[in-house]
Amino acid sequence: METPHEARMERSERTDLILECAAELFAERGIAGTTVRDIAGRTGILSGSLYHHFPSKDAIADRIVTLYLDELIARYESVLAAGGDARSTLGGLVLASSRVSRTNPHASEIYQRETAYLRQLPSRDRIREATRAIRETWMTALERGVATGDLRRDVPVELLYLLVRDAVWLTSRSFSPSSTLDQEGIARSILSVFLDGATAQPEERARR
């Protein structure tokens, strides 16, 4: 006979499977283009059984996005808690963003592309607040970089934020887990391009 603990474990595993399959479908078809029946079919359960785990499709999308944002913010908080100069903080944020996006590719895709739909979800206020906190974290780090001279003063910080954010997101989508470039290498390269530029340094040119 199944124990209560085993039943909870099975329910938790089934919930995780629903979230995983739903995230894949939402990223492929969009949230609006995906039905509960689609999710149930991908998961391998009856549509009616899915409602034992989530009351609606929107509740599933809500959980996917909030879990993603919670993980991202937790990583950012660890970077800030570690201290360090502006360059190391920016590097930590780039690496944290890359790691979370690459381990949660479908959730990242949903968050980036489903802005309008996310405004309809039950946790829309929480999502809006998390988005604001993410932006403020980046803006503070970039403003610090300008103040310390690591970043140019003639480039608007808002523009730098948009460029770095999109660079992290696009590279996270473009490089597969089997890529020869590891996450740390990608993060270092992104940071180097933004802090040092793409032009070869004098010592590099001298070696050619």
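**Entry 1: the second largest pocket**

I started with the lining of the second largest pocket, which by class has 7 nonpolar, 3 polar and 3 charged residues. For the classes, I took Ala, Val, Leu, Ile, Met, Phe, Trp, Tyr, Cys and Pro as nonpolar, Asp, Glu, Lys and Arg as charged, and the others, Gly among them, as polar.

A note on what I'm looking at: this is a predicted model, where local features need pLDDT of at least 70 and side-chain atom pairs count only at pLDDT 80 or more, while totals for chains, interfaces and linings use all residues. Residues are numbered from 1 along each chain as its sequence is written, and side-chain values use heavy atoms, with hydrogens and water left out.

Back to the pocket: 13 residues line it, and Leu 19, Ala 23, Ile 64, Asn 104 and Ala 107 lie nearest its centre. A pocket here is an open set of points on a 1 Å grid over the protein atoms alone, where a 1.4 Å probe fits, with protein on both sides within 12 Å along at least five of seven lines; lining residues have an atom within 4 Å of a point. Its space comes to about 220 Å³, a volume being what is filled by probe spheres set on grid points joined across faces, edges and corners.

I also checked the helices (DSSP runs of H or I, at least four residues, numbered from the N terminus). α1 (4-29), α4 and α6 each supply at least two residues of this lining.

**Entry 2: the largest pocket**

Next I looked up the largest pocket, at about 510 Å³. Its lining has 24 residues, with Tyr 111, Gln 112, Thr 131, Tyr 161 and Arg 165 nearest the centre. Which helix gives the most to this lining? It's α8, with 7 residues. By class I got 12 nonpolar, 6 polar and 6 charged residues.

**Entry 3: aromatic pairs**

I searched the whole structure and got 2 aromatic pairs. Rings of Phe, Tyr and Trp (its six-membered ring) pair if their centres lie within 6.5 Å; planes under 30 degrees apart are stacked, over 60 edge-to-face, the rest tilted.

Tyr 68 and Tyr 111 make a tilted pair, 5.8 Å centre to centre with 50 degrees between the planes. Tyr 68 sits in helix α4 (residues 57-81) and Tyr 111 in helix α6 (residues 105-113), so the pair ties together parts 43 residues apart in sequence. Tyr 68 is buried at 3% relative accessibility, and Tyr 111 is buried at 14%. Buried means under 20% relative accessible area, exposed over 50%, partly exposed in between (1.4 Å probe, protein chains only).

Tyr 76 and Trp 138 pair edge-to-face: 6.3 Å centre to centre, 85 degrees between the planes. Tyr 76 is in α4 and Trp 138 in α8 (residues 124-147), 62 residues apart. Both are buried.
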